[in-house]
Amino acid sequence: MTTPTHDQPWRTASPGQVRDAMIDRVEERLAGLLAEEHRNRRTSDPRSAVLVMGVAELVQAGGERARPAICLTGYLAAGGDPEGEDAVTAAAALELLDTCLVIRADVRDNAPLRRGIPTLHISHAAEHERNGWRGEPRRFGEGTAVLAGDLALAYGDRLAVPLPHEARRLWDDLRAERAIGAHMEAAAATEYLDDAWPGQCLEGCGSGCGAGWYGLRHALLIGAALAGREDLGEAYEEYARAVHAAWRIRGFLSGGPGFDGDAQFLRDVFFDAQARERAEETIAALVVRADEAVAAARIPRAWHTELGALAREIAG
């Protein structure tokens, strides 16, 4: 089945096709923004283009585009216009925020690769060493990468500025929550206070959650706000809590990001087949809870189905 183009009637397309077509426009928006920035910077001073190139390479390397897809699902399910520009702008801004946080996380974790290419702090440190520049390569690489993250965030803010008031408020709140959450997660690990089993996610993550549940919640709420459907806030929030908890348990079981070290010990020593079966049952129950959260919401039935499929995809 082909993805609809802009001149095809939206009523003949499936919900997934409509969203995918909007994601294509997000890709175009990101590529156009970064290409223009790189062209302008390269003309004025080639050295200033280095940061833009680093951000562009990471964005173009792909990734799941999870936050844009979630935002656009929330927007379209709420009755948003598939031709709407604000939703595309917000989705692109969310991807740039994710890019910023990924760069900073790679520096904190000293990760060597991201999306199949060397991380920015590693590649810039290697550049420093190859050229025999003054100073310490590691510090140069880390400092340059952090600045690239700042630049990605600046681009995200530039896109978010003209958004309607409620969407912009949610954007500002998301920025703060993700920064605080990243610090809380790092601090808990440093202080040996982090709990390998994500039980707190089952109870309901709150403000500053280190695992970032608000990345799912806020993306949905921004979509609803852009569609003028703030009344969906309660349903979207309950859906996000359930899906996030299911995703965290799946991450624990599969050894995903954030679940190494103590989590591996807990899985290997205490998690027998019976415990894994109970965990799988918990994931299934959470997905059902997510379905129920949107079942009573005033959205088209096809989008009930699409939100259910999204929940199952995120929960693995």
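**Aromatic pairs, a cavity and a buried alanine**

Trp133 is partly exposed, at 39% relative accessible area (buried means under 20%, exposed over 50% and partly exposed in between, with a 1.4 Å probe and protein chains only). This is a predicted model, in which local features need pLDDT of at least 70 and side-chain atom pairs count only at pLDDT 80 or more, while totals for chains, interfaces and linings use all residues. Residues are numbered from 1 along each chain as its sequence is written, and side-chain values use heavy atoms, with hydrogens and water left out.

**Aromatic rings**

- The count is 2 aromatic pairs (rings of Phe, Tyr and Trp, the last by its six-membered ring, pair if their centres lie within 6.5 Å; planes under 30 degrees apart are stacked, over 60 edge-to-face and the rest tilted).
- Trp133 and Phe140 form an edge-to-face pair, because their planes stand at 75°, with the ring centres 5.6 Å apart.
- Phe140 is partly exposed, with a relative accessible area of 31%.
- The rings of Phe252 and Phe271 have planes at 65° and centres 5.1 Å apart, so this pair is edge-to-face.
- Phe252 belongs to helix α10 (residues 233-254) and Phe271 to the loop between α11 (262-270) and α12 (273-295), so the pair links distant parts of the chain, 19 residues apart (helices are DSSP runs of H or I with at least four residues, numbered from the N terminus).
- Phe252 is buried, at 0% relative accessible area, and Phe271 also counts as buried, at 17%.
- Arg267 has its charged end over the ring of Phe252, 5.8 Å from the ring centre (NZ of Lys or CZ of Arg must be within 6 Å of the centre and within 35 degrees of the ring normal).

**Cavity**

- The model has 1 cavity of 30 Å³ or more (a set of points on a 1 Å grid over the protein atoms alone, where a 1.4 Å probe fits but cannot get out; lining residues have an atom within 4 Å of a point).
- The largest cavity holds about 40 Å³ of space, a volume being the space filled by probe spheres set on the points, which are joined across faces, edges and corners.
- Its lining consists of Leu58, Ile103, Asp106, Val107, Arg114, Thr119, Leu120, His121 and Ala145.
- Helix α4 gives the most to this lining, with 3 residues.

**Ala246**

- Ala246 lies in helix α10 and counts as buried, at 1% relative accessibility.
- Leaving aside neighbours within four places in sequence, Ala246 is in contact with Ile283, Leu286 and Ala315 (heavy atoms within 4.5 Å).

Key
Helices (H or I, at least four residues) and strands (E, at least two) are DSSP runs, numbered from the N terminus. On a 1 Å grid over the protein atoms alone, a cavity is a set of points where a 1.4 Å probe fits but cannot get out, and a pocket is an open set with protein on both sides within 12 Å along at least five of seven lines; lining residues have an atom within 4 Å of a point.
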